[in-house]
Amino acid sequence: MSSDREREVIAAFVSLANTMVDGFDVIDLLSGLTTDCARLLDVASAGLLLADGSRVLHVVAASSEATRNLELFRLQREQGPCLDCYRMGSPVSAPDLVGRREVWPQFVDGALGAGFVSVHAVPMRMHDTVLGTLGLFGTDVGSLAAEDLSLAQGLADVASIAIVAGQVAPDSGSIHAGLQQTLANRVLLEQAKGVLAARGDIELDQAFELLRRYARDNRIALADVARSLITRTLSARTVIDHTRTSGTTT
């Protein structure tokens with residue numbers, strides 16, 4: 001690992017550690033983690049999926065809207081490397097998706113259509129419970145280096161800790177309770193993104209960044225900002241104008 005990349009990796013873990021303080025925002029942390037994966041690893045995009053109490057996977061964070069759409073496509077078809085990774089509890093690698101069309105025909109067609117030709121997935125675990133998976137999407141054919149896979153697993157482990165943080169000895173029930181709350185907050189955020197995108201005539205990726213900036217600058221949880229926007233106790237115009245008044249660009 002080069003000294004520059006080593007510094008970037010250390011900075012990413014330090015940032016995650018600093019974020020995990022009392023009252024930290026899980027959704028914001030997980031979104032930042034997928035962005036770090038896309039930046040630090042030899043992949044174009046990353047997505048994080050969590051399972052609900054019925055063992056159904058849901059998208060919780062993604063480094064791009066294109067990845068989110070592909071993850072949703074995969075979940076609807078119930079096939080793909082992330083699903084296999086979750087079910088087996090071990091990493092799954094597809095360095096050339098064309099060669100896996102017989103295994104995941106609909107997923108492969110969807111991935112290729114989105115510009116991805118390779119996918120790798122590592123499990124998220126807490127003790128003996130598999131929480132979900134971290135999917136890594138590449139625009140080039142090829143396997144990930146062992147170093148990158150190890151780093152991806154480390155980031156997935158941090159994400160797992162974040163979801164159940166604050167529990168001294170989390171059991172299966174408390175873990176799933178934490179997962180359900182995270183999934184519920186994600187639904188709120190998706191609804192708020194849609195509202196903001198429609199009111200501001202902007203892309204969903206940009207809407208998310210505006211929500212995230214507003215939440216951070218005002219030290220409010222993303223889920224609370226989303227809830228206020230949906231219930232109209234916070235106006236879309238206030239969130240949009242905040243970027244201009246704070247001097248921040250997206």
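Buried means under 20% relative accessible area, exposed means over 50%, and partly exposed lies in between (1.4 Å probe, protein chains only). The legends below concern a predicted model, in which local features need pLDDT of at least 70, side-chain atom pairs count only at pLDDT 80 or more, and totals for chains, interfaces and linings use all residues. Residues are numbered from 1 along each chain as its sequence is written, and side-chain values use heavy atoms, with hydrogens and water left out.

**View 1. Arg-219 in the loop between H8 and H9.** Helices (H or I, at least four residues) and strands (E, at least two) are DSSP runs, numbered from the N terminus. Arg-219 belongs to the loop that joins H8 and H9. Its relative accessible area is 80%, so Arg-219 is exposed. Although Arg-219 is not a glycine, its phi is positive, about 55°.

**View 2. The buried residues of helix H9.** Helix H9 comprises residues 222-230, and Leu-222, Ala-223, Val-225, Ala-226 and Leu-229 are buried in it. These buried residues line one face of the helix, because they fall within an arc of 160° when seen down the axis of H9. The arc is that of the directions from the helix axis to the C-beta atoms. Just after H9, Arg-232 has a positive phi of about 65°.

**View 3. The buried residues of helix H5.** In helix H5 (residues 105-113), the buried residues are Phe-107, Val-108 and Ala-111. They lie on the same side of H5, because they cover an arc of only 100° around the axis. Gly-115 follows H5 and has a positive phi, near 95°.

**View 4. A surface patch of negative charge.** Asp-201, Glu-203, Asp-205 and Glu-209 gather in this patch. A salt bridge is a side-chain nitrogen of Lys or Arg within 4 Å of a carboxyl oxygen of Asp or Glu. Glu-209 lies in helix H8 (residues 204-218), and with 35% relative accessibility Glu-209 counts as partly exposed.

**View 5. Arg-55 between two strands.** The loop between strand E1 (45-51) and strand E2 (57-62) contains Arg-55. Arg-55 is not a glycine, yet has a positive phi of about 65°. Its relative accessibility of 53% makes Arg-55 exposed.

**View 6. Cys-37 and Leu-134.** Cys-37 is part of helix H2 (residues 26-40) and is buried, with a relative accessible area of 0%. Cys-37 and Leu-134 stand 97 residues apart in sequence, and 9.4 Å separates them in space, C-alpha to C-alpha.

Technical notes:
Patch = residues over 30% accessible without salt bridge, like charges linked within 9 Å, V, L, I, M, F, W, Y side chains within 5 Å. Areas by Shrake-Rupley, 256 points an atom, 1.4 Å probe, with all protein chains shown as cover. Lys, Arg positive; Asp, Glu negative; His and termini not counted. Charge placed at Lys NZ, Arg CZ, Asp CG, Glu CD.
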